[in-house]
Amino acid sequence: MIGIIGAMEIEIAGLVGKLTGAREIAAGKITVTTGKLAKTSVAVCRCGIGKVHAATAATLMIRCFPKIDLIINLGVAGGVKPGIKQGDFVVATASVQHDYDLVADGLIKGQIHGYEKTAFDSDSAAVVKMCAVLQKLGFDYEKGIIASGDQFIWDKQKAVELYNEHGAYACDMETAAIAHVCDMFGKRFLGVRSMSDNADGGAVEDFFEFAVKAAERSIAAVEAYIKVR
């Protein structure tokens, strides 16, 4: 079984509408829709924006559906690495919480207390497969680190810092939180994001203009991934 989490309705609606035998399960303010997509059992939910929403949804899905062996976080993001364009994909090889700061306690910026590394690795086999799917679909993509934090990045200098400090290719507000939960529960994780903006001074305007298209591309990629699973 595959769990799929998106922060916003536009990031999951296209998948939910294609499920056969769909049924909804509500817990608190989170609704999970289960069903089959291309004969594969899936559970899909909109978590809401931010790390707490993302971590809550991931925990709920893992606890309610123990057969989930892979969680995919899909959606839109801001491009950070120089040269990444709107519409391009970043497949997360790893993800880091850029706003987690215990440097004063001797840790590296982004390093979670109790962990030796700053980033949470994605499932390597899932990364390889997603890259093959994107290539077949004709989408431009790069593999790299996604930096997550409870901030919408619209300052070019901040984007440069994320690239220099963490080697980030893209930034969002959920990926690393979901990856963290998957690590805690021993579940495989894959993050894939389509760029809606370039995390700079025009990010707000670009986001609203390109978010729907970027979300649609993200949905198409995940659907294709599941069909060849």
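Predicted model: local features only at pLDDT ≥ 70, side-chain atom pairs only at ≥ 80, totals over all residues.
Residues are numbered from 1 along each chain as its sequence is written, and side-chain values use heavy atoms, with hydrogens and water left out.

**View 1. Here's the second largest pocket, with about 170 Å³ of space.** On a 1 Å grid over the protein atoms alone, a pocket is an open set of points where a 1.4 Å probe fits, with protein on both sides within 12 Å along at least five of seven lines. The volume is the space filled by probe spheres set on those points, which are joined across faces, edges and corners.

**View 2. Now meet the lining of that pocket, including Tyr115, Phe120, Asp183 and Arg188.** Lining residues have an atom within 4 Å of a point. Strand 7 (119–121), helix 5 (175–185) and strand 10 (188–197) each give two or more residues, and strand 7 gives the most, with three. Helices (H or I, at least four residues) and strands (E, at least two) are DSSP runs, numbered from the N terminus.

**View 3. Cys45 and Cys47 don't pair up: their sulfurs are 6.1 Å apart, too far for a bond.** A disulfide needs two cysteine sulfur atoms within 2.5 Å, and a search of the whole structure finds zero.
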